[in-house]
Amino acid sequence: MQLASSPETSATSAPYPFDIRRISDVAGAEIFGVDLKQPVSDTLKDAIMRAFLEFHVLVFRGQDLTKDEQHQFSLNFGTLEHHVGRLADGTPFPIVHTVTNLDADGNPTEKTVAKGNYHWHTDKSYHAIPSLMSMLHAKEIPPKGGDTQFANTRMGYASLSPAMKERIADMQVEHSWEASRRNVGAPPPSEEQKRERPPVTHPLVRTHPDTGDKTIYLGHHVSHIVGLPKDESDALLEELTEHTTQPKFTYTHQWRQGDYTMWDNRCLLHRARPNYEVGRDRRLLHRTVIIGTKPY
Ligand SMILES: [Fe+2]
């Protein structure tokens, strides 16, 4: 295994026990020379988490994990979370579920794509305890496009004017599964799903629990800012979303088959891009999500 360190590694921090290269100044580093099928030592796990906090998006190249192997690897980083949605037949998603444009017969189609993912969001912010980390493993990738885009909400917050920081400092935002569906034009959830997932409120300005950085916490699961008139809430949410998703704060990941990505939902928004031939080319990834902590 090659020993290398990123350009950012200072004399006071240990080098990474793998070959790691920054992809973007916003977020993202690619890692070579680690086989995620193998058991993860404490040393390796600590190094992965260190890199995760430094780069926010990690991309392990050239992996080939089964769903069971992805399940085992994911468990190194916390408790796995089930998905709130249902498959077409009404059954819950499996713990390692599939993100794809393939139908039951394995043919590409627009119909199976969760189009809500085309909108900026942070995973499961409609939960009182939202996601810490999401992982996607690319099994089949279109020859062109099908990208995933990330926006750095720490940079977004840091670049706000002092007046805006003061204005939003104590704001609370309601997030809900129902609002999420409404915001993307999807059919409303069932009464049972609404009972299972009542609305929650989170601070608009979130403190990253591991780094202490302040971030803007919003996305398409948001209903409104508590206590503001609807027009004002809508306008402010739009302004902040546009601000933190400017190209200078985003990284677009162009997938390679075998990529295994891990990203930090506490300081990033993300969205899928429909920039491929959805009805023609195959795209299939396996997903796992790790539960986080209550935002503050
Ligand atoms: Fe997502």
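Reader: What is the bridge partner of V173 in β8?

Author: The bridge partner of V173 in β8 is H202. This is a predicted model, in which local features need pLDDT of at least 70, side-chain atom pairs count only at pLDDT 80 or more, and totals for chains, interfaces and linings use all residues. Residues are numbered from 1 along each chain as its sequence is written.

Reader: What makes β7 and β8 a pair of strands?

Author: Strands (E, at least two residues) and helices (H or I, at least four residues) are DSSP runs, numbered from the N terminus. Two strands pair if DSSP finds at least two bridges between them. Four bridges join β7, residues 172-175, to β8, and the two run antiparallel; they therefore count as paired.

Reader: Why are β8 and β11 called edge strands?

Author: The open sheet has three strands in the order β8-β7-β11, with antiparallel pairing. The strands β8 (200-203) and β11 (222-225) each pair on one side only. Neighbouring strands of this sheet are turned by 30° against each other on average, direction ignored; the axes are lines fitted to C-alpha atoms, for helices over the stretch in contact, and angles run from 0 to 180 degrees between N-to-C directions.

Reader: What makes β13 largely enclosed by the rest of the structure?

Author: A residue is buried if 20 or more other C-beta atoms lie within 10 Å of its own, exposed if 12 or fewer, and partly exposed in between, with C-beta atoms placed from the backbone. Five of the five residues of β13 (residues 260-264) are buried, so the strand is largely enclosed. Y260, M262 and D264 point one way, T261 and W263 the other.

Reader: Which strands are joined to β13 by bridges?

Author: Among them is β3 (residues 57-60), which runs antiparallel to β13 and is joined to it by four bridges; here V59 stands opposite T261. Another is β5 (residues 131-140), also antiparallel, with five bridges to β13, and M135 stands opposite M262.

Reader: What makes β1 and β2 partners, and how do β2 and β3 run?

Author: β1 and β2 pair in the antiparallel sense over four bridges, and D19 stands opposite F32. The two form a hairpin with six residues between them, and G28 in the turn has a positive phi of about 115°. By contrast, β2 and β3 run parallel and are joined by three bridges, with I31 opposite F60.

Reader: What is meant by the largest nonpolar core, and which residues have the most contacts inside it?

Author: A nonpolar core is a set of buried Ala, Val, Leu, Ile, Met, Phe, Trp, Tyr and Cys residues joined through C-beta atoms within 7 Å. The largest has 39 residues, and those with the most contacts inside it are A27, I31, V57, L58, F60, F150 and L268. The largest share, five residues, comes from β5. Apart from this core lies another, of 12 residues, among them L204, I216, V222 and L237.

Reader: What puts the buried residues of α1 on the same side?

Author: In α1, A47, I48 and F55 are buried. They cover an arc of only 100° around the axis, which puts them on the same side of α1. The face turned away from this buried side carries the exposed residues D42 and K45.

Key: The arc is that of the directions from the helix axis to the C-beta atoms.
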